Amino acid sequence: MASRASSPTYARLDGELARHEAVIERAVEAFGLPLHAVFKDEVERSANGYREVLRRLYPNSSVLFAVKSNPCRGAVRTAARLGLGADAASEHELRAALEEGIPAERIVANGNAKTSQYVEAIVSSGALSSVDNADELEELSRTATRRHVR
């Protein structure tokens, strides 16, 4: 693995930090630390890179923003504006993705210990769900039947 000093990614991000230094300092003064900063251009560049590779290699794939990686509403909203889907690992993450504008059909609900409330939210929202075991599949099926969802 390349060292930070020779990494093009770190060089690009260090440039972004330097370019926005004054704004970041004002934000820290106003709001304190920790401060979540999202470089929209960097997120868009990464998303477009993933899309390009997936279109070429796996044309029926989607790029999903892992809400767990940065649950800050601004980051989720940026993902929605870029047309990304969401990988949601909890009821909170699912709700954040939906509320910030990511359509349910582009959300994959994940997690190996889904609560009944989370399963209920998945089914009622229409999001896709990964299934980790037979019990979870049965609960999803029962919930969907009870809610008249196919």
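Modeller: Helix H1 (8–19), helix H2 (21–31), helix H3 (40–57) and helix H4 (73–81) each put at least two residues into the lining of the largest pocket. Helices here are DSSP runs of H or I with at least four residues, strands are runs of E with at least two, and both are numbered from the N terminus. Before going on: this is a predicted model, so local features need pLDDT of at least 70 and side-chain atom pairs count only at pLDDT 80 or more, while totals for chains, interfaces and linings use all residues. Residues are numbered from 1 along each chain as its sequence is written, and side-chain values use heavy atoms, with hydrogens and water left out.

Back to the pocket. H2 gives the largest share of the lining, 3 residues. The space inside is about 260 Å³, a volume being what is filled by probe spheres set on the grid points, which are joined across faces, edges and corners. The lining has 15 residues, and His-20, Val-23, Ala-37, Val-38 and Phe-39 are the closest to the pocket's centre. A pocket, on a 1 Å grid over the protein atoms alone, is an open set of points with protein on both sides within 12 Å along at least five of seven lines, and a lining residue has an atom within 4 Å of a point. By type, the lining splits into 7 nonpolar, 4 polar and 4 charged residues; Ala, Val, Leu, Ile, Met, Phe, Trp, Tyr, Cys and Pro are nonpolar, Asp, Glu, Lys and Arg charged, and the others, Gly among them, polar.

Between H2 and H3 there's a loop, and Pro-34 sits in it. Leu-33 and Pro-34 are joined by a cis peptide bond, with omega about 0°. That's worth a look on screen, because most peptide bonds are trans.

Now follow H4. Its buried residues are Ala-75, Val-76, Thr-78, Ala-79 and Ala-80, where buried means under 20% relative accessible area, exposed over 50%, and partly exposed in between (1.4 Å probe, protein chains only). Those buried residues pack against H3, E1 and H5, contact meaning heavy atoms within 4.5 Å. Leu-82 is in the loop between H4 and E2. Neighbours within four places in sequence aside, Leu-82 touches Val-43, Glu-44 and Arg-51. Gly-83 follows H4 and has a positive phi, near 80°.

Lys-68 counts as exposed because its relative accessibility is 57%. Again leaving out neighbours within four places, Lys-68 is in contact with Ala-89 and Glu-93.

Two strands pair if DSSP finds at least two bridges between them; E2 (residues 85–88) and E3 (residues 107–109) have 3.

Definitions and conventions
On a 1 Å grid over the protein atoms alone, a cavity is a set of points where a 1.4 Å probe fits but cannot get out, and a pocket is an open set with protein on both sides within 12 Å along at least five of seven lines; lining residues have an atom within 4 Å of a point.
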